[in-house]
Amino acid sequence: MNYNEATLRYFETALGAGVLSGPGTFRGAAGSRAQGTWVQFDVQLNSNVIQAARFLAFGCPHTIAVSAWVAEQAAGQELRAGLPETVQQLSERFAVPVEKRGRLLIVEDAWIAALRGALTHCGATIECSPVAPISQG
Amino acid sequence: MTATAPINRPAPINRPVYLDYAATTPVDPRVAAAMAQCLTAEGEFGNPASASHDYGDAARVLVETARSQVAASVGALAQEVVWTSGATEANNLAIFGVAEYYRESGRHIVTARTEHKAVLDPCRELERRGWRVTYLAPDGGGLIHPDRVAAALQADTVLVSIMHVNNETGIIQDIRRIAAVCAEHGGAWLHVDAAQSAGKRDVDFAHLGADLMSLSAHKAYGPKGVGALLVSRRARGRDAAVQLRALQFGGGQERGLRAGTVATHQVVGMGLAFELAQAALESESERLAALRERLWRGLAPLGGVMRNGDAEHSVPQLLNVSFEGVEGESLLAAVRGRLAVSAGSACTSALQEPSYVLRALGRDDVLSESSLRFGLGRFTREPDIDAAIAVVTQAVSRLRRLSGE
């Protein structure tokens with residue numbers, strides 16, 4: 001399997017790996033190790049701004065790279081109901097083969113699960129994913 | 001100079017440590033030199049089938065010398081060696097050749113779930129053509145018990161195909177006892193894929209009692225693109241020795257079993273490679289066993305590390321390990337660039353599939369995927385093993401941290 005430059009860089013550095021704790025921290029996870037992909041995000045809020053985000057991931061290099069990128073991009077951003085980019089855009093950014101795009105949905109599910117608690121805390125709700133449907137191969 | 005002399009060690013500059021000798025081996029420089037002498041106008045470039053001039057005669061002498069070298073290194077008669085393009089063709093010739101020749105005697109074949117695809121795929125094709133195939137399951141250590149073979153034999157079984165050494169786990173099957181089971185049955189010929197054993201451990205075709213045996217040159221420091229099928233001339237208590245129907249026609253070479261001009265340089269390379277390997281066999285086995293145990297002892301402290309296959313029945317040059325808490329594709333990606341090994345998964349598409357061999361041994365999908373096969377060889381030294389331990393330890397530890405393990 002060959003990976004593009006973005007995937008290799010985020011897989012190899014994975015700077016946002018880890019967990020957060022303390023007040024204003026919300027956690028969400030999706031997937032299962034037994035099925036090969038599991039992702040967890042922690043987000044830490046300061047009013048409605050994501051102060052920090054961390055991830056843990058059991059999965060392929062694409063899963064780890066995308067999770068790392070999402071955690072990196074989210075920091076400093078205003079809380080909103082979705083990934084920084086659509087799954088389609090992420091799959092292009094990281095050159096994710098069509099057969100593996102279902103794994104990005106697990107990343108998205110984990111991210112939304114973490115946000116759900118945060119948004120509820122802020123009095124908002126997530127009604128649906130803003131992501132356009134994609135083929136899962 | 002022995003086959004293990006350091007002078008043959010390839011320059012390691014900026015290249016990953018190579019521990020994938022079960023996939024292929026570099027051609028021994030002495031073998032490459034002998035092959036080169038069969039290619040150009042100054043050398044023996046003649047067609048070995050040309051009987052009307054000295055060029056052909058000289059090439060034919062080289063081909064027959066190589067045939068004798070291969071035969072001598074595996075306990076066979078020179079007349080029993082049929083050149084092929086490799087073990088895959090040899091497996092196909094054995095399986096289809098027997099099935100077609102004995103189609104009126106029976107249409108049942110016995111093989112194992114842990115065989116190489118070069119055996120399983122021909123068997124699947126025969127199923128499509130109307131044959132019945134029994135795929136035996138190994139025990140948890142990877143062994144196919146002879147009594148399971150005996151139980152699987154039917155009145156119309158014409159062929160049993162069991163590999164000598166498994167390419168993923170290194171497990172050695174008890175071919176002699178399986179051969180005895182086939183002989184007692186009386187109608188089942190025994191084919192053995194010996195691609196991973198010939199040139200790497202003692203193989204004695206006559207003593208093992210197989211009727212057909214597939215060999216590969218490139219697993220034993222010979223060139224790719226050449227192999228052989230050993231076809232026994234011994235009847236073993238039956239009316240006649242095993243017979244095959246040819247799969248290709250056009251010249252009648254190799255006693256009509258494999259038409260086509262014999263590639264002199266290729267078979268010369270295989271002959272010398274097998275001779276050199278045989279000479280170094282004993283010392284290499286001891287050396288590689290020590291290196292393999294060094295590798296295992298170095299990896300074990302990681303914890304959550306499982307050795308795949310029965311260690312007591314495996315070849316010294318191969319170690320297959322599953323790592324708990326890491327995903328297989330990421331593990332391979334994490335070591336790539338510093339270490340050349342094979343994963344326990346088949347990358348048949350963008351999605352990796354768990355190793356069917358490890359699954360047959362009872363490993364679940366995740367552990368079957370998160371395995372690495374370390375294949376040691378002639379140029380492997382202690383620093384390579386130590387480097388491999390460091391690379392894998394770092395990769396596994398990092399991936400476990402990333403997943404919160």
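Author: The model is a predicted one. In chain B, the centres of domain 1 and domain 2, taken over C-alpha atoms, are separated by 28 Å.

Reader: How do you know where domain 1 and domain 2 of chain B run?

Author: The bounds come from an automatic or database domain assignment. For chain B that assignment gives domain 1 as 13-26 + 281-402 and domain 2 as 29-273. The contact takes 24 residues from domain 1 of chain B and 25 residues from domain 2 of chain B.

Reader: What makes up the side of domain 1 of chain B that touches domain 2 of chain B?

Author: Helix H8 (264-299), strand S10 (318-323) and helix H10 (356-360) of chain B each give two or more residues to it. H10(B) supplies the largest share, 4 residues. By class, this side of domain 1 of chain B divides into 10 nonpolar, 11 polar and 3 charged residues.

Reader: Why are S9 and S12 of chain B said to stand at the edges of a sheet?

Author: Two strands pair if DSSP finds at least two bridges between them. In chain B, 4 strands form an open sheet in the order S9-S10-S15-S12, with antiparallel pairing. Strand S9 (305-307) and strand S12 (342-343) of chain B each have a single partner strand, so one side of each is left without a neighbour in the sheet.

Reader: What makes S9(B) and S10(B) a pair?

Author: The cut-off is at least two bridges, and 3 bridges join S9(B) to S10(B). The two strands therefore count as paired. Within this pair, B:Val305 stands opposite B:Phe323 in S10(B). H8(B) packs on the sheet, where it touches S9, S10 and strand S15 (371-375) of chain B, and its direction makes about 10° with that of S10(B).

Reader: Which residues is B:Leu331 in contact with, leaving aside its neighbours within four places in sequence?

Author: The criterion is C-beta atoms within 7 Å. On that basis B:Leu331 is in contact with B:Phe323, B:Val326, B:Ser370, B:Leu372, B:Ala395, B:Val396 and B:Leu399.

How values were computed:
Residues are numbered from 1 along each chain as its sequence is written. Chains are lettered from A and ligands numbered from 1 in the order in which they are written. This is a predicted model: local features need pLDDT of at least 70, side-chain atom pairs count only at pLDDT 80 or more; totals for chains, interfaces and linings use all residues. Two residues are in contact if their C-beta atoms, placed from the backbone, lie within 7 Å. Ala, Val, Leu, Ile, Met, Phe, Trp, Tyr, Cys and Pro count as nonpolar, Asp, Glu, Lys and Arg as charged, and the others, Gly among them, as polar. Axes are lines fitted to C-alpha atoms, for helices over the stretch in contact, and angles run from 0 to 180 degrees between N-to-C directions.
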